[in-house]
Structure formats: C-alpha cells, structure tokens
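Please have the sequence panel open beside the model.

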Amino acid sequence: MAASLLAAVGDVTFILTGDGTIIDVAVSQGDLANHGFADWIGESWVGTMTPESRPKAIEMLQGAAAATPPRWRQVNHPAAGGDVPVRYMVMALGDSERLIAIGRDMRVAAAMQQRLLQTQQSLERDYIRLRQAETRYRLLFDMASEPVLIVDSQSRRIREANPAAHRVLDAREGTLVGNLASMVVVPEQRDDFVAYLGAAEAADDLDPAILRLNEHGGDAKFSARLFRQSRTPMLIVRIEPVIAGAAERRIDATLSDVVERMPDAFVLADRELKVLTANAAFVELAEMPSADRIVGAGLGTWLGRPGIDLDLIVGQLRDHGSVRNLSTIFRGAAGAQEEIEISGVIAAINGNDCYGFTIRNVGRRLRDVPVATRDMPRSVDQLTELVGRISLKEIVRESTDMIERLCIEAALAYTSDNRASAAEILGLSRQSLYSKLHRHGLGNLVSDTN
C-alpha cells in the first residue's frame, strides 16, 4: 500500500530490504513497465543499474540505514533501447528495517536537456559567424578608401564614420561620431542635405547630390541609401570628392585647346573610319565651313585615293599599331588636292578601337619627280606570243617577274624614290627590296642617299 501511494508521487517505487533486495514494486509510468521494471522483485536493486551508477545506489542505501536526510540522485538502468535515467530518493519505511526508493523517469528531462544543449551549440555557432561577419565588415569599413557615414535616420546624427571620412573632412579619428550629419557641409547647404536624406528614405534610386564640404570647401557627391539595423532605420552615406575629377577635366580642356591650336591637321576616327572630332587645321584643309559638318562623315571623303591609300594605312595601323610620315593626297571639298604626309596611331577608347591621325601639308616642299619613261620589260601581248615556244612554267615565271617589277616601280614613283617608304608600302623588308631592285636592274632608278 505504501508503494502504491508513493508511486503516485514518482514514476516507480521500490520496497527494499535493508541489504537492497527488491520486495515489491509499483510502476505508474507504463513505459517503464515495458522495460521490465515490474519484473525485478527478488533481485538486488543495485544490480539493476549500470556499473557507473551502482556506487550512487550503495551510498543512498547506506544513508537511509543511517537515517541521514535523503537527497535525490540520478542513476541509469540498462535497457534494450538504451539506458533509462531515473532519479531516486531512498528513505526508511517507518520503524521497520525496510527501505523505500521513489524514482522519477528523467528521459523527458534528458531529451529536453539534449535539445537545450544543441540549441546552445547552434547559438554559439551563429554567434561565432556573426562575430566573424562583424569583424570582416569592420575591417572593410575601416580599410575602404571611399568615405562612408552611418547616419541615424531619426536623429540625423552620425553613428559611425570610417577613417576615409575623417580624412576627407579633416577631422580627428572618432570626432565625427555623435555629431549631426548636416555639419559635414557648408551652413548654407545644410537644409538641402537634410532634405536629401529625407528623400533617400522614400526612394532607393535617388540621384546623387553635389554639395560643398564644410572644412575643405570643395564639392563632393553625396549618395544615401536606407537600411535597417535592429529594427532601427539607418542611412549609409557615401561621399565622393569631385576635386580630382575637376582637375582631370581641366587637363582635358587644356589638351583639347592645344590640339585645336595645332598648325598640323588632326582628326580622330572610329573603327569604321567615321570622323569623331577634328581640329581647326583639318577643317581648313578639308575646305569645310565648320567641324560639325565633318563629324560623322567618312574619312575616305578627303584622305587618299579611293580604295587604295586609306586601306593601306589602316592595314599598317592594325598590324603595327602606328604609321609615320606616309605620303598621300588630301582632297578638299572645293576640289583642291594637296600632297600630304600622314602619321597615325590606333588606341582603345571605352573598349572600342579608334584611329588618330596628324596630317601635314608638304606640297610646297616636295621636289618634282621626273616621269619615268622606261619601257616595260614585257607586255602581256609579248607574253602570250611565247605560248608554244617555251613551257608554261617559264611563262608564269616571266609574268611574275613582270608584275613584281611593275609594282616596285609604282611604289618608288609613289614614294618619290624613297626606298624605306616603298618597302613599307610593299610589305617587304628593306633588304628584300634591295635584292629585288638588283635582280630587276632597278638599282640606278633611285638615289643612293635613300
């Protein structure tokens, strides 16, 4: 009866003799009965436990026999599905020598403890990842060369500022934090800056604002974007000084002015040889009223003989990257034709190839070149008359020699007997050209000073 009553307090109750033998058992937890707890009558209570739990059970039996105040101790009972943890308290049963052991099933508590441990471990891992991410963010924030401010959206005060922001605002490290964000611009533009921050809270695609910095007095481009941190709205404000950009624009303006004042003509064309820009000397040489009438027109309208010179020049540019002092002609819009020397270079602008040319009028200093009156080595009619008298192989060789000599003579006449230029036009080395001149008996057609 005592065991049944006390079983209502715990999940299992054992009535024991003084030496720990089980006399009776009452199980109120049905799952414990399935593990055989009710079948242990007559067995040693200590013997039903795992080896590491038995010293605890012996101490509880000795404490109950000595009438010491009882206390709860947790032990494990071996079972088919794993150890069953039970928390016991052992006390004497009245004045008899019998003892009573009240036990509570701790499997639910153990499962909860296991889940709690797993949750704690998961939180620790998340905390470590958060700390690592915060460390990386802080490192990037401090190392960034771009000035950045973190502004509280409600108070409009600076919460964080990286070292680049302190440098551009000429402030000591840490002195910006806590100040109003509007203090970074000149007083007359502070209301505009506050209004811009308010607009940034309502729109994500807001265009940057150009404002003047308070300390340096230089202009800067401000960009702001809203984000939330711990449910608090924040603004990240980027500052981009435009002083360097202004200096670059001044340099570009100076360079453009120099090119415009050059005495030699200059023209810039795209990959399709459409004119992008030209200076005043080119406009004058082209006999056009203004540069606007030239932009977009094909360069072949004025430069070189159609289909010959310009293709040759572009081919040289693509192969070698530059050409220098090539002789050709320039045709004006009014019909005038001038002898010129052209130098050019190929360059990439915004990922696209462009061609830049300088053009010099040399018609006044070119010497008159006597017209060549030399007879052709053979005519086509003379070659066809050889059919039947010599083999086709010899006729082809003679034809090749005739064409080669005609081309060399044309190149020499075109370059005013300049062997270096003629070799470049023909795509030959200078030594190869000398060899062909000697083979065709053309060595005396040009001056030895070339």
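A crossing of two helices is termed left-handed if the near helix is turned anticlockwise from the far one by less than a right angle, and right-handed if clockwise. The model is predicted: local features need pLDDT of at least 70, side-chain atom pairs count only at pLDDT 80 or more, and totals for chains, interfaces and linings use all residues. Residues are numbered from 1 along each chain as its sequence is written, and side-chain values use heavy atoms, with hydrogens and water left out.

**The whole chain**

Select the chain. The chain holds 13 helices and 15 strands, where helices (H or I, at least four residues) and strands (E, at least two) are DSSP runs numbered from the N terminus. Of its 450 residues, 33% are buried; buried means under 20% relative accessible area, exposed over 50%, and partly exposed in between (1.4 Å probe, protein chains only). Among contacts with a separation of 6 or more, 43% are accounted for by residues 24 or more positions apart, a contact being heavy atoms within 4.5 Å.

**Helices 11 and 13**

Select residues 392-414, helix 11, and residues 430-439, helix 13. Two packed helices are described by the angle between their axes and the distance between the axes. Here the angle is about 115° and the axes are 11 Å apart; axes are lines fitted to C-alpha atoms, for helices over the stretch in contact, and angles run from 0 to 180 degrees between N-to-C directions. Helix 11 passes helix 13 in a left-handed crossing. To display the contact, pick Asp401, Glu404, Ile408 and Leu412 on helix 11, with Leu433, Lys436, Leu437 and Arg439 on helix 13. These residues divide into four nonpolar, no polar and four charged. In this classification Ala, Val, Leu, Ile, Met, Phe, Trp, Tyr, Cys and Pro count as nonpolar, Asp, Glu, Lys and Arg as charged, and the others, Gly among them, as polar.

**Helices 12 and 13**

From helix 12, Arg419, Ala420, Ala422, Ala423 and Leu426 meet Arg430, Leu433, Tyr434 and Leu437 of helix 13. By class, this contact has seven nonpolar, no polar and two charged residues.

**Two positive phi angles**

Most residues other than glycine have a negative phi. Select Asp417, in the loop between helix 11 and helix 12: its phi is positive, about 60°. Asp417 is buried, at 18% relative accessible area. Then select Leu273, in the loop between strand 11 and strand 12, where phi is near 60°. Leu273 is buried too, at 14%.

**Asp152**

Go to strand 6, residues 148-152, and select Asp152. Which side chain does that of Asp152 join in a polar contact of 3.3 Å? The partner is Arg159; a polar contact is a pair of N or O atoms within 3.5 Å, where within protein one must be able to donate a hydrogen and the other to accept it, and residues adjacent in sequence count only if both atoms are side-chain atoms. A polar side-chain atom of Asp152 also lies 2.9 Å from the backbone nitrogen of Gln154. Asp152 is buried, with a relative accessible area of 10%.
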